[in-house]
Amino acid sequence: MIKTIKNIELNVNDEGYLQDFSQWTKEIGIELAKEHDIELTDKHWEVINYIQEQVAANKPLSIRGIKKSGVIDIKQFYALFPGGPLKVSTKIAGVPKPKSCI
Amino acid sequence: MYLNLEIMSKTKVKKMLFILSKATIENVYAAFIMANGARMEGIESEIFFTFFGLEAIQKKKLEHLRVATVGNPAMHIPTMLGGLPGMEALATKMMKKEMEKLDMPPVGEFLEILSDSGCKLWACKLAVEMFHLERKDLIDEVDDIITVGDFYSRADQENTHLLFI
(Lines give C-alpha, C1' and ligand atoms only; values in the text may rest on other atoms or scores of the structure.)
Protein backbone atom coordinates (compact mmCIF):
# COMPACT_ATOMS: atom_id res chain seq x y z
CA MET A 1 0.00 0.00 0.00
CA ILE A 2 1.05 3.56 -0.59
CA LYS A 3 0.56 6.19 2.08
CA THR A 4 1.37 9.84 1.61
CA ILE A 5 2.81 11.89 4.46
CA LYS A 6 4.00 15.44 3.83
CA ASN A 7 3.86 14.79 0.08
CA ILE A 8 6.19 11.81 0.41
CA GLU A 9 4.91 8.46 -0.84
CA LEU A 10 5.66 5.65 1.60
CA ASN A 11 5.32 1.88 1.22
CA VAL A 12 3.31 0.55 4.15
CA ASN A 13 1.67 -2.79 4.95
CA ASP A 14 -2.06 -3.12 5.65
CA GLU A 15 -1.49 -2.27 9.34
CA GLY A 16 0.35 0.91 8.43
CA TYR A 17 3.91 -0.22 9.21
CA LEU A 18 6.65 1.12 6.95
CA GLN A 19 8.02 -1.59 4.71
CA ASP A 20 11.23 0.16 3.88
CA PHE A 21 13.10 1.72 6.81
CA SER A 22 15.19 3.85 4.43
CA GLN A 23 12.03 5.92 3.83
CA TRP A 24 11.83 6.84 7.52
CA THR A 25 12.82 10.28 8.75
CA LYS A 26 12.22 12.07 12.04
CA GLU A 27 9.52 14.14 10.36
CA ILE A 28 7.75 10.97 9.25
CA GLY A 29 8.04 9.65 12.84
CA ILE A 30 6.45 12.84 14.18
CA GLU A 31 3.54 12.51 11.73
CA LEU A 32 3.03 8.79 12.48
CA ALA A 33 2.98 9.63 16.21
CA LYS A 34 0.30 12.27 15.63
CA GLU A 35 -1.94 9.54 14.17
CA HIS A 36 -1.83 7.96 17.64
CA ASP A 37 -2.36 11.33 19.35
CA ILE A 38 1.20 11.27 20.64
CA GLU A 39 3.40 14.32 20.73
CA LEU A 40 6.99 13.08 20.81
CA THR A 41 9.14 14.18 23.77
CA ASP A 42 12.85 13.55 24.38
CA LYS A 43 11.92 10.37 26.28
CA HIS A 44 9.90 9.11 23.31
CA TRP A 45 12.92 9.68 21.06
CA GLU A 46 15.19 7.78 23.45
CA VAL A 47 12.83 4.80 23.16
CA ILE A 48 12.56 5.13 19.38
CA ASN A 49 16.35 5.23 19.06
CA TYR A 50 16.64 2.15 21.29
CA ILE A 51 14.07 0.28 19.16
CA GLN A 52 15.82 1.20 15.91
CA GLU A 53 19.19 0.11 17.34
CA GLN A 54 17.78 -3.24 18.45
CA VAL A 55 16.23 -3.87 15.06
CA ALA A 56 19.42 -2.83 13.25
CA ALA A 57 21.35 -5.31 15.44
CA ASN A 58 18.78 -8.02 14.63
CA LYS A 59 17.77 -8.36 18.28
CA PRO A 60 14.15 -9.32 18.97
CA LEU A 61 12.00 -6.75 20.77
CA SER A 62 9.99 -7.80 23.81
CA ILE A 63 8.49 -6.22 26.90
CA ARG A 64 11.14 -8.06 28.97
CA GLY A 65 13.80 -6.48 26.78
CA ILE A 66 12.31 -3.04 27.46
CA LYS A 67 12.45 -3.77 31.22
CA LYS A 68 16.15 -4.63 30.95
CA SER A 69 17.00 -1.87 28.47
CA GLY A 70 17.87 0.77 31.05
CA VAL A 71 16.19 3.31 28.73
CA ILE A 72 12.72 3.21 30.23
CA ASP A 73 10.68 1.19 32.72
CA ILE A 74 7.52 -0.66 31.75
CA LYS A 75 5.11 1.72 33.51
CA GLN A 76 6.56 4.71 31.68
CA PHE A 77 6.59 2.78 28.42
CA TYR A 78 2.85 2.15 28.68
CA ALA A 79 2.25 5.77 29.64
CA LEU A 80 4.23 7.16 26.69
CA PHE A 81 2.74 4.88 24.04
CA PRO A 82 -0.88 4.15 25.03
CA GLY A 83 -2.89 1.44 23.31
CA GLY A 84 -0.21 -1.26 23.02
CA PRO A 85 3.24 0.28 23.57
CA LEU A 86 5.45 -2.04 21.51
CA LYS A 87 2.99 -2.03 18.61
CA VAL A 88 2.69 1.74 18.58
CA SER A 89 6.35 2.57 19.22
CA THR A 90 7.61 0.27 16.47
CA LYS A 91 5.18 1.81 14.00
CA ILE A 92 6.44 5.30 14.83
CA ALA A 93 10.05 4.07 14.64
CA GLY A 94 9.42 2.78 11.12
CA VAL A 95 10.39 -0.82 11.91
CA PRO A 96 8.32 -4.03 11.54
CA LYS A 97 5.76 -4.98 14.19
CA PRO A 98 7.38 -7.45 16.64
CA LYS A 99 6.28 -11.04 16.11
CA SER A 100 6.91 -12.30 19.66
CA CYS A 101 4.01 -13.26 21.97
CA ILE A 102 5.86 -11.93 24.99
CA MET B 1 -26.41 -6.80 6.36
CA TYR B 2 -23.84 -4.26 5.33
CA LEU B 3 -24.57 -2.28 8.47
CA ASN B 4 -24.05 -5.36 10.68
CA LEU B 5 -20.66 -6.05 9.18
CA GLU B 6 -19.74 -2.45 9.73
CA ILE B 7 -20.61 -2.73 13.41
CA MET B 8 -18.83 -6.06 13.81
CA SER B 9 -15.64 -4.76 12.30
CA LYS B 10 -15.49 -2.10 15.00
CA THR B 11 -16.19 -4.54 17.84
CA LYS B 12 -13.07 -5.13 19.84
CA VAL B 13 -12.20 -7.02 23.02
CA LYS B 14 -11.73 -4.31 25.63
CA LYS B 15 -11.07 -6.28 28.79
CA MET B 16 -9.93 -9.82 29.60
CA LEU B 17 -10.53 -11.29 33.05
CA PHE B 18 -8.65 -14.49 33.83
CA ILE B 19 -9.40 -16.87 36.67
CA LEU B 20 -6.35 -18.96 37.48
CA SER B 21 -7.23 -21.97 39.63
CA LYS B 22 -4.19 -24.20 39.06
CA ALA B 23 -0.55 -24.03 40.11
CA THR B 24 1.12 -26.12 37.42
CA ILE B 25 3.65 -24.16 35.39
CA GLU B 26 1.87 -24.70 32.09
CA ASN B 27 -1.39 -23.24 33.41
CA VAL B 28 0.26 -20.34 35.21
CA TYR B 29 2.23 -19.35 32.09
CA ALA B 30 -0.88 -19.71 29.93
CA ALA B 31 -2.64 -17.15 32.11
CA PHE B 32 0.38 -14.83 32.31
CA ILE B 33 1.12 -14.88 28.58
CA MET B 34 -2.52 -14.26 27.66
CA ALA B 35 -2.87 -11.46 30.22
CA ASN B 36 0.38 -9.80 29.15
CA GLY B 37 -0.51 -10.27 25.49
CA ALA B 38 -3.77 -8.44 26.12
CA ARG B 39 -1.99 -5.45 27.66
CA MET B 40 0.45 -5.39 24.74
CA GLU B 41 -2.56 -5.07 22.40
CA GLY B 42 -4.01 -2.23 24.41
CA ILE B 43 -6.63 -4.49 26.04
CA GLU B 44 -7.23 -4.24 29.79
CA SER B 45 -6.46 -7.43 31.74
CA GLU B 46 -6.86 -8.76 35.26
CA ILE B 47 -6.11 -12.10 36.93
CA PHE B 48 -8.08 -13.61 39.84
CA PHE B 49 -5.95 -16.18 41.66
CA THR B 50 -8.06 -18.82 43.37
CA PHE B 51 -7.53 -22.24 44.94
CA PHE B 52 -4.19 -23.67 43.83
CA GLY B 53 -3.68 -20.70 41.54
CA LEU B 54 -2.82 -18.81 44.74
CA GLU B 55 0.55 -20.59 44.81
CA ALA B 56 1.64 -18.39 41.90
CA ILE B 57 1.42 -15.25 44.08
CA GLN B 58 2.77 -16.68 47.33
CA LYS B 59 6.25 -15.34 48.07
CA LYS B 60 7.53 -18.71 49.28
CA LYS B 61 6.01 -20.83 46.53
CA LEU B 62 6.01 -18.96 43.25
CA GLU B 63 9.51 -19.97 42.16
CA HIS B 64 8.85 -23.63 42.95
CA LEU B 65 5.93 -24.36 40.63
CA ARG B 66 6.11 -27.58 38.65
CA VAL B 67 4.92 -29.30 35.52
CA ALA B 68 2.36 -32.06 36.10
CA THR B 69 3.83 -35.36 34.92
CA VAL B 70 0.98 -37.55 36.15
CA GLY B 71 -2.39 -37.44 34.41
CA ASN B 72 -0.95 -35.36 31.61
CA PRO B 73 -1.11 -37.35 28.35
CA ALA B 74 0.84 -34.67 26.48
CA MET B 75 3.96 -35.68 28.45
CA HIS B 76 4.05 -38.87 26.34
CA ILE B 77 5.45 -40.98 29.15
CA PRO B 78 3.57 -43.78 30.92
CA THR B 79 1.60 -42.48 33.91
CA MET B 80 3.45 -44.83 36.27
CA LEU B 81 6.82 -43.42 35.22
CA GLY B 82 5.49 -39.90 35.69
CA GLY B 83 4.90 -40.75 39.33
CA LEU B 84 8.50 -41.83 40.03
CA PRO B 85 10.50 -39.62 42.41
CA GLY B 86 12.28 -36.83 40.60
CA MET B 87 10.22 -36.99 37.43
CA GLU B 88 8.36 -33.76 38.08
CA ALA B 89 11.57 -31.97 38.95
CA LEU B 90 13.25 -33.25 35.79
CA ALA B 91 10.35 -32.28 33.52
CA THR B 92 10.16 -28.87 35.20
CA LYS B 93 13.86 -28.27 34.72
CA MET B 94 13.62 -29.18 31.05
CA MET B 95 10.62 -26.94 30.49
CA LYS B 96 12.24 -23.98 32.28
CA LYS B 97 15.30 -24.39 30.08
CA GLU B 98 13.18 -24.25 26.93
CA MET B 99 11.30 -21.23 28.25
CA GLU B 100 14.53 -19.40 29.01
CA LYS B 101 15.61 -19.98 25.40
CA LEU B 102 12.48 -18.13 24.28
CA ASP B 103 13.30 -15.32 26.74
CA MET B 104 10.25 -16.08 28.88
CA PRO B 105 10.68 -14.50 32.30
CA PRO B 106 10.58 -16.58 35.50
CA VAL B 107 7.31 -16.41 37.48
CA GLY B 108 8.40 -13.64 39.87
CA GLU B 109 9.72 -11.38 37.12
CA PHE B 110 6.65 -12.09 34.98
CA LEU B 111 4.41 -10.91 37.84
CA GLU B 112 6.41 -7.67 38.07
CA ILE B 113 6.03 -7.15 34.33
CA LEU B 114 2.28 -7.78 34.54
CA SER B 115 1.85 -5.41 37.44
CA ASP B 116 3.94 -2.68 35.79
CA SER B 117 1.93 -3.17 32.60
CA GLY B 118 -1.26 -2.33 34.46
CA CYS B 119 -2.62 -5.88 34.75
CA LYS B 120 -4.59 -6.11 38.01
CA LEU B 121 -3.72 -9.05 40.27
CA TRP B 122 -6.42 -10.21 42.69
CA ALA B 123 -6.33 -12.93 45.36
CA CYS B 124 -9.55 -14.86 46.06
CA LYS B 125 -10.73 -14.17 49.63
CA LEU B 126 -12.31 -17.58 50.14
CA ALA B 127 -9.20 -19.44 48.98
CA VAL B 128 -6.92 -17.20 51.06
CA GLU B 129 -8.98 -18.11 54.15
CA MET B 130 -9.14 -21.78 53.22
CA PHE B 131 -5.35 -22.05 52.96
CA HIS B 132 -4.90 -19.92 56.14
CA LEU B 133 -2.90 -17.29 54.31
CA GLU B 134 -2.35 -13.66 55.23
CA ARG B 135 -1.65 -10.58 53.11
CA LYS B 136 2.03 -10.78 54.01
CA ASP B 137 2.28 -14.26 52.47
CA LEU B 138 1.38 -12.78 49.08
CA ILE B 139 3.65 -10.74 46.83
CA ASP B 140 3.47 -6.94 47.10
CA GLU B 141 2.20 -6.63 43.53
CA VAL B 142 -1.16 -8.17 44.48
CA ASP B 143 -3.72 -5.36 44.26
CA ASP B 144 -6.10 -6.74 46.88
CA ILE B 145 -7.85 -9.77 48.36
CA ILE B 146 -11.41 -9.75 46.97
CA THR B 147 -14.59 -11.82 46.80
CA VAL B 148 -16.08 -13.49 43.74
CA GLY B 149 -18.73 -10.78 43.68
CA ASP B 150 -16.06 -8.06 43.68
CA PHE B 151 -14.36 -9.80 40.77
CA TYR B 152 -17.58 -10.02 38.75
CA SER B 153 -18.14 -6.33 39.31
CA ARG B 154 -14.82 -5.77 37.50
CA ALA B 155 -16.59 -7.00 34.35
CA ASP B 156 -18.18 -3.59 34.27
CA GLN B 157 -17.98 -2.75 30.60
CA GLU B 158 -18.99 -4.04 27.20
CA ASN B 159 -16.68 -6.40 25.36
CA THR B 160 -15.31 -7.93 28.57
CA HIS B 161 -14.46 -11.63 28.53
CA LEU B 162 -13.91 -14.05 31.40
CA LEU B 163 -11.65 -17.05 31.01
CA PHE B 164 -11.21 -19.91 33.49
CA ILE B 165 -7.81 -21.60 33.55
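1. What share of the 165 residues of chain B count as buried? In this predicted model, 40% of the 165 residues of chain B count as buried, where buried stands for under 20% relative accessible area, exposed for over 50% and partly exposed for what lies in between (1.4 Å probe, protein chains only).

2. Local features need pLDDT of at least 70 and side-chain atom pairs count only at pLDDT 80 or more, while totals for chains, interfaces and linings use all residues. Residues are numbered from 1 along each chain as its sequence is written, chains are lettered from A and ligands numbered from 1 in the order in which they are written, and side-chain values use heavy atoms, with hydrogens and water left out.

3. Chain B has 7 helices and 5 strands, these being DSSP runs (helices H or I, at least four residues; strands E, at least two) numbered from the N terminus, and along the sequence they follow the pattern α-β-α-β-α-α-α-β-α-β-α-β. The C-alpha atoms of chain B fill a box of roughly 60 × 40 × 25 Å along the principal axes. Among contacts (heavy atoms within 4.5 Å) in chain B between residues at least 6 apart in sequence, 73% join residues at least 24 apart.

4. The contact between the chains draws on 15 residues of chain A and 18 residues of chain B, and the area buried between them, that is, the accessible area (1.4 Å probe) lost by two parts on being put together and summed over both, is about 1500 Å², with 56% from carbon and sulfur atoms. On the side of chain A, Arg64(A), Tyr78(A) and Ile102(A) lose the most area to chain B, together 47% of what that side buries.

5. Across this interface the rule finds 5 salt bridges, each requiring a side-chain nitrogen of Lys or Arg within 4 Å of a carboxyl oxygen of Asp or Glu. Arg64(A) forms a salt bridge with Glu100(B), and the closest N and O atoms are 3.8 Å apart.

6. In helix α1 (residues 26–35) of chain A, Ile28(A), Gly29(A), Glu31(A), Leu32(A) and Ala33(A) are buried, and their cover includes β1 (2–5), β2 (8–11) and α5 of chain A. Asp37(A), which follows α1(A), has a positive phi near 55°.

7. Lys101(B), placed in helix α4 (residues 87–101) of chain B, counts as exposed because its relative accessibility is 61%.
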